[in-house]
Structure formats: C-alpha cells, structure tokens
Amino acid sequence: MEYNTQQRRLPLPEYGRSVQNMVDHALTIEDRAERQRCANTIINIMGGMFPHLRDVPDFKHKLWDHLAIMADFKLDIDYPYEIVKKESLEVKPEVLAYPQKRIRYRHYGHILENMVKKAVEYPEGEDRKHLISLIANQMKKCFINWNKDSVEDQKILDDLREYSQGAISLSPEDLQLCGQRTYVQRRPQQNNGQRRMQQNNNQRRKY
C-alpha cells in the first residue's frame, strides 16, 4: 500500500489526489480537442466540489487558475480567462507593519485605555458618570477573567485613577461596582434528556 505521505506533494490539496490525477492524465493527451474536453470536464468536477461558491464572482476564473497551477502551467489548452502568471505566485508579499503599542496592564487591554481618555475629556454630568461606571465595571470583568480570583473594588478604582492620571478619583462609596458573581460565567443547565445521556456515558465501559 502506498500512503499519501509517500507520494508527491499536491499543489492544491483541497481538490484531492483524484482530481490531481485527472490533471496529470490531461497532460498526456496528445489530441488538442480531446485535451480541451478533458479540461472542461475537470473544471466541472472541481466546481461541483464547492457548490456554495457557484454564485461567487470570478469563481469560474479561479477554477481555471487552479487548473493551471495543478498542471504546473504546462497544460496547452484554450483558457476562457487570462490565467494567473506563474511568476506572480512566487513573489512574496510585503511585510505588514504591526502596530507596537505599550499596554500598561495587558489584562485591561489598549481599547480600555482609550475609553478612559475619552471619559476624562467628557463634560461633567450624568452621561459622564454613567460612562465611568461602565468602564469601571468592564475593568473589573477583565481583571476577574484574567486573575480568576476575587478583586477589591478599591483596586479597580485605583487602577482607574492611575489610567486617568488622577482625573477620575473615586472611592467605593462614590461608585458601587457589580458583584463578582455577575462576571463569573455559569455553566448552562442541562435538561432531563441531557442529564440521562451524560449518566449513560459515564456508566458505559470504555475499551
């Protein structure tokens, strides 16, 4: 038995080795008309493997490009589209610049830091108080998700004061945060059928 790992590497593994063998056979056909009919049949088979993409623009074009790639651009037929150039596949894309931002506390994240800056610039009023309350509760949620332990509200308010450079200075009496149970994810309750199935699985012998 010959395993796939012992055979040559497929240029497009998503089509499978059977389609690749069809393409290899098309390369051996000497009659051009027969070779063209074989290529059209292969395209129909390739398209049938992904029926959900039939309405996608340029889907047919991509199939012919893929056929050319699987044939290593050696299949002499009349392509209905201008196929991709082999040289363009070998060009490496430019390296994208990755934003390097210093995050003071990674469990809070960079977006929350920007939210605190917006809250500092917000005019005084009920809207500002509500925004600060949302930010503080989000900070507590992030802290608990990261630490998995309880956290004092004073710790959250101290971090909020540090983030805002003292512009937002509150005490637990000024702002009451939600309890820890609000942030802990609960396991969904199972119905009777699910519980019986779980019990049967637990009682089943494992071989």
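## A patch on the surface

Which residues form a nonpolar patch on the surface? They are M22, I45 and M49, with about 220 Å² of accessible area together. A patch here joins residues with over 30% relative accessible area and no salt bridge, with nonpolar side chains (Val, Leu, Ile, Met, Phe, Trp, Tyr) linked within 5 Å and like charges within 9 Å. A salt bridge is a side-chain nitrogen of Lys or Arg within 4 Å of a carboxyl oxygen of Asp or Glu. Accessible areas come from the Shrake-Rupley method with a 1.4 Å probe, and for residues only the protein chains shown count as cover.

M49 lies in the loop between helix 2 (32-48) and helix 3 (59-70). With a relative accessible area of 35%, M49 is partly exposed; buried means under 20%, exposed over 50%, and partly exposed in between.

## About the model

This is a predicted model, in which local features need pLDDT of at least 70 and side-chain atom pairs count only at pLDDT 80 or more, while totals for chains, interfaces and linings use all residues. Residues are numbered from 1 along each chain as its sequence is written, and side-chain values use heavy atoms, leaving out hydrogens and water.

## The overall fold

The chain has 8 helices and 0 strands. These are DSSP runs numbered from the N terminus: helices are H or I with at least four residues, strands E with at least two. Of the 207 residues, 29% count as buried.

## Two nonpolar cores

Now let's look inside. A nonpolar core is a set of buried Ala, Val, Leu, Ile, Met, Phe, Trp, Tyr and Cys residues joined through side-chain atoms within 4.5 Å. The largest has 20 residues, and those with the most contacts inside it include Y15, I42 and L67. Helix 1 (16-28), helix 2 and helix 3 each give two or more residues to this core. Apart from it lies another core of 19 residues, among them I132, I135, M139 and I144.

## Aromatic pairs

The whole structure holds 5 aromatic pairs. Rings of Phe, Tyr and Trp (its six-membered ring) pair if their centres lie within 6.5 Å; planes under 30 degrees apart count as stacked, over 60 as edge-to-face and the rest as tilted. W64 and Y79 form an edge-to-face pair, 5.9 Å centre to centre with 85° between the planes. W64 sits in helix 3 and Y79 in the loop between helix 3 and helix 4 (86-89), 15 residues apart. W64 counts as buried because its relative accessibility is 6%.

Definitions and conventions:
Buried < 20%, exposed > 50% of the residue type's maximum accessible area, 1.4 Å probe, protein only.
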